[in-house]
Amino acid sequence: TQYEKKDLLFGYIKKMKDTTRFRMTERNGIIYFFDQRTSDIVEISDSLRELVTTNTADEYNMVLRRLSQEEIMDNTDFLSAVLDIPDTPVQCTRSRSEISVLKLNAGSKCNLSCAYCFRDKGENRLIEDGGLVYKAIDGMVNDFGRDARSYTVCFNLASEPLLYPGLMNDIHDYLKKTEARTGKRMELFFITNGTILSPPLIKTIKRIRKNRPVSISIDGPKEVHDALRGYPGGKGSYEVITANIQSFRKKGLPISAESVITARHPYPLDILRHLSGLGFESVNMKPVRRGTPYSFDEKSIGALKTGYDEYFTFLEEALLDEDYFVLKLLCKDYAIRPLWRMLFNHKINLRCGWGVNQISMDHRGDFYPCDSVMGMEAYRTGNVRDGIDWNRYHADLACERRGECDRCWARHICGGTCYVNGIIGNNDMLAVDPVECTLTKHLIESNLSLICDLLHAGADIEAIKEVLKANLKEIYLL
């Protein structure tokens, strides 16, 4: 009866508090529970909030004495229904059966000298045997990614791809022939710094990208961009890029911005507004990686969190006004990945495709799990001539193995911090980067708060999901 219900309620609350499955959030005076297993977000009573937040038996009993029998029964029934949902292990949704990504770094030449670039600027290297490129593509289709439904070849992400237009055209032709042979989608993707443009290059770009966006690296307003993205002599590149952006638009080429946020300018909303004004159709802003003079640390990360608070306020106001342009603009953005992961219950247990569905090849034909570790012998996983050393390529990098990640409620939205940041900071790919972790948790909590506010205001969640869904394919491909 009443006492049995009290004992049952206590057992349910203890079970709930002993797991990292749930997150409680208060918005607009309402308490919400987020269930990271199901991605359900539900409103709970004030009395249940009080019971859950007690720390001692005396506190718990004090709250319990104030509750009516009806409140005790309602809370018991609610927790019973929630906890009856199986707490099954999360399987990674990223696999070789979806999309395989090959990152070809056939050359290291670049006409810019960006301050935070991880490219080896000592010499401009070029692949010695062009046939290795096609051998790598064949290996992806027939071996490494044989079970994938589609393939993306990313060309020269660590240098300027438009310095190699002939090779780009040849790779595109080879991909189209392979696509016809296999019946599977093949795409050539690249990011240009936007400083090189000519009629022949425009023809090449239109041929390769067709109606898909051309990704251009640009970090925001002129003074922000030119401070770190310039030519070897020090001159900024902003004016050249913005002139070429207009040429892209006149030729009917959709453009997408790829921006790096540094501690010099931790204001993503300012960057977003500027890039939107230049005519970009989508914007992806990512904090600079660890190990540069412009990276964030324990002191400077607070400014970026404040900057993202402004960003999410702006996004929320737009969505409440049913203005979906901003959401469409940001569908690929790093900061709102948690939004679509929660709305579509897309759980992950890995940070990225390292060791799963992506591999990088350098100009020597050596394979690595990531562009950022090219040249590090400890992470070389084979060569295109000899094949992949699967024992070195595959590694158990699940977030459950990464120290404090195992007890974090957000781990299956986050997947853990960057493996390269762990290597840079601790020489251990499983090490958690505390600065990145702080920011990622803040972004996840901001997205959760956004969803709660939208639910409270009666926003059209299905319309928001449709906007995201229209761009999810693009997100997965990149």
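Colleague: Where does Asn 156 lie?

Modeller: This is a predicted model. In it, Asn 156 sits in the loop between strand E5 (150–155) and helix H6 (165–182).

Colleague: Why is Asn 156 called buried?

Modeller: Buried means under 20% relative accessible area. Asn 156 has a relative accessible area of 0%, so it is buried.

Colleague: What does Asn 156 touch, not counting residues up to four places away in sequence?

Modeller: With that exclusion, its contacts are Leu 104, Asn 105, Ala 106, Gly 107, Pro 161 and Tyr 164.

Colleague: What joins the side chains of Asn 156 and Ser 159?

Modeller: A polar contact of 3.1 Å. The cut-off is a pair of N or O atoms within 3.5 Å, so a pair at 3.1 Å falls inside it.

Colleague: What makes strand E2 largely enclosed by the rest of the structure?

Modeller: In E2 (residues 30–35), six of the six residues are buried, so the strand is largely enclosed. Ile 30, Tyr 32 and Phe 34 are buried on one side, and Ile 31, Phe 33 and Asp 35 are buried on the other. As a rule, side chains in a regular strand alternate between the two faces of the sheet.

Colleague: How do you know that E2 pairs with strands E1 and E3?

Modeller: Pairing needs at least two bridges. Six bridges join E1 (residues 22–27) to E2, and five join E2 to E3 (residues 40–44), so both cases meet the definition. E1 and E2 run antiparallel, as do E2 and E3. Phe 22 has Asp 35 as its bridge partner in E2, while Phe 34 stands opposite Ile 41 in E3.

Colleague: Which residues take a positive phi in the two hairpins?

Modeller: Asn 28 does, at about 55°, in the turn of the E1 and E2 hairpin, which has two residues between the strands. In the hairpin of E2 and E3, with four residues between the strands, Ser 39 has a positive phi near 65°.

Colleague: Why does the radius of gyration of the protein chain agree with a compact globule?

Modeller: For 478 residues the globule rule gives a value near 23 Å, and the chain has 25 Å, which agrees. Of those residues, 55% count as buried.

Colleague: Where is confidence lowest and highest in the protein chain?

Modeller: Helix H18 (residues 461–477) is lowest, at a mean pLDDT of 78, and helix H11 (residues 301–320) is highest, at 98. The mean for the chain is 90, and 95% of its residues reach 70 or more.

Note on methods:
Residues numbered from 1 in each chain as written. Predicted model: local features only at pLDDT ≥ 70, side-chain atom pairs only at ≥ 80, totals over all residues. Heavy atoms only, no water. Buried < 20%, exposed > 50% of the residue type's maximum accessible area, 1.4 Å probe, protein only. Polar contact = N/O pair within 3.5 Å; in protein donor to acceptor, adjacent residues only side chain to side chain. Contact = heavy atoms within 4.5 Å. pLDDT = per-residue confidence, 0-100. Rg over C-alpha atoms; globule rule 2.2 N^0.38 Å.
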